[in-house]
Every structure is written in structure tokens, then in C-alpha cells.
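Please keep the sequence and the model in view while reading.

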Amino acid sequence: MKITILSLFPMMIEPFFKSSIMRRAVEKGIVSYRIIDFREFADDAYNRVDDIPYGGGAGMVLMPQPLSKALESVSARGKRVVYPTPSGRLFDQKKAYELAAEEELVFICGHYEGLDQRIIDEYVDDEISIGDYVLTSGETATLVIIDAVFRLIDGVIAKDSLEEESFSSCLLEYPQYTRPARYCSSCVPDVLLSGHHAHITEWRDDQRLARTMHVRPDLLSGASLSPRMRRKLIKVIEEKRTEDLENGHYQGN
């Protein structure tokens with residue numbers, strides 16, 4: 001995959017591509033990248049890239065000219081152009097897989113009050129939000145998306161590791177343990193020390209189900225569950241309903 005990032009602060013981005021798993025992906029040739037400082041495409045002697053918004057209001061807006069020239073310099077038309085913004089569609093694992101299937105991605109890192117709408121209309125394919133909050137830097141949001149996407153590309157991470165991760169089947173991941181077996185009076189669950197793979201698998205499935213139900217019950221409607229896990233879910237729901245009724249908390253029909 002080729003990744004192009006348009007940014008006013010390349011120094012925020014460069015270390016990411018030279019660290020950890022991304023560095024190995026770059027060295028293997030699985031991922032290539034380039035960072036474009038679009039301030040270099042400014043028209044005036046002061047390299048100005050922002051101006052006050054028409055109609056008034058607080059803050060500044062990124063001007064269309066520098067961004068348009070920068071996008072044209074990387075032949076952005078016909079490529080998948082992504083603009084991280086709080087006004088975009090919420091990012092999720094499904095979107096990450098969709099972007100990971102692309103041969104090339106172009107990211108625009110916004111700042112201030114955002115981009116001139118004409119740039120969005122002319123070039124942007126995806127306006128993506130990484131959450132219901134506002135960041136100072138578009139670079140931060142861009143790197144979050146890239147991190148979620150590149151690891152899904154073949155050859156970056158082992159497929160069996162991806163299959164067991166949170167959201168791979170709309171369920172959160174099970175708890176993980178390593179040595180020592182006993183630490184600060186807390187012990188690793190016996191089933192994980194048993195060597196019985198079928199029992200370990202069942203325990204992990206139950207833990208994923210319980211964690212998802214407790215932390216993100218909204219995910220369960222789209223979860224891919226085995227018949228055994230569906231029976232387990234029904235049992236857990238019935239037990240929870242009984243507990244709520246006994247405690248006077250149940251508000252269902």
C-alpha cells in the first residue's frame with residue numbers, strides 16, 4: 001500500500017513510520033509512504049495557508065489554493081482521499097478493512113476550523129471521525145486511522161492474531177495472561193494452565209461474550225455467534241434479568 005499524507009507538521013508523522021511494526025512493514029516493502037508539507041504550495045511570500053472564514057466566526061480556515069496544488073502534485077484524483085474530521089462518519093473496524101483493500105490512500109491533515117468546503121467537494125472521498133471529541137491536530141487522527149488500517153494488510157500481522165482481536169466478530173477480546181502464574185496473590189485461571197484446548201477455547205469465548213455484554217452490549221446485535229455462544233448469551237441475559245428483578249432494578253416489558 002502507498003500512503004500519502006498532506007500535513008503542515010511532517011515532524012509529527014515521520015517517527016511513526018520508523019517505529020515498531022510499521023517500520024518492519026516499510027522495510028519489507030509492504031507499505032510505502034510520503035509526507036507532503038502543503039505549506040510549500042502557498043502562493044504568497046509568507047507561506048500563508050489559512051484565512052478568516054466568510055460570514056464571520058471564530059478561528060481560521062485552511063485556504064483552498066495550497067491544498068489543491070498539493071493534491072494535484074500527488075495526482076490525488078482517482079485515488080482514495082481521506083479527511084479525518086469530527087464531522088465525519090464514525091470510524092470502525094469495518095471501515096478499516098475497507099480502506100486496507102485500497103492500493104493507495106491520500107490523507108489530508110486538517111487544522112484550525114477545518115478545510116475550505118470546496119476542497120472537500122472536489123477531492124475527498126471519506127470524511128472520517130475517530131470519535132465524538134475534537135483534537136487540535138489532524139495528524140493525530142490520521143495516524144490513528146493509518147495504524148488501524150495498515151496492520152490489516154497481508155503480511156503485516158499473522159492472520160490468526162487478527163482473527164482473535166476485539167471487533168473481529170463484533171466481540172471484544174478475552175483477558176490475556178502470561179508468566180508468572182501467580183502474581184501479587186492473583187493467579188492465572190486454572191483452565192489456561194490445563195492444556196485442554198477445547199476447554200480453553202470455550203473459556204475464551206465465554207469471556208469475550210461476558211466482556212462485550214458488560215462493556216459494549218451494542219455490539220451483540222451484529223455479533224457472529226456459534227450455537228453454543230448463543231445459548232450462553234440467552235442464559236446470561238436470563239440470569240441478569242432474574243438478578244434485576246430480585247433487586248428491583250428490572251425495567252423491561
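Does Cys-170 count as buried or partly exposed, and at what relative accessibility?

## Basis of the model

This is a predicted model, in which local features need pLDDT of at least 70 and side-chain atom pairs count only at pLDDT 80 or more, while totals for chains, interfaces and linings use all residues. Residues are numbered from 1 along each chain as its sequence is written, and side-chain values use heavy atoms, with hydrogens and water left out.

## Cysteines

Cys-170 has 27% relative accessibility and therefore counts as partly exposed, where buried means under 20% relative accessible area, exposed over 50%, and partly exposed in between (1.4 Å probe, protein chains only). Cys-109, at 0%, counts as buried. With a disulfide taken as a pair of cysteine sulfur atoms within 2.5 Å, the count is zero.

## Helix α3

Helices (H or I, at least four residues) and strands (E, at least two) are DSSP runs, numbered from the N terminus. In α3, residues 93–100, the buried residues are Lys-95, Ala-96, Leu-99 and Ala-100. Viewed down the axis of α3, these residues fall within an arc of 140 degrees, so they line one face of the helix; the arc is that of the directions from the helix axis to the C-beta atoms. Their cover includes β5 (80–90), β6 (104–108), β7 (126–129) and α5 (138–150), with contact meaning heavy atoms within 4.5 Å.

## Helix α5

Ten of the 13 residues of α5 are buried, so this helix is largely enclosed by the rest of the structure; among them are Gly-138, Leu-143 and Phe-150. The cover of the buried residues of α5 includes β1 (2–7), α1 (20–27) and α3.
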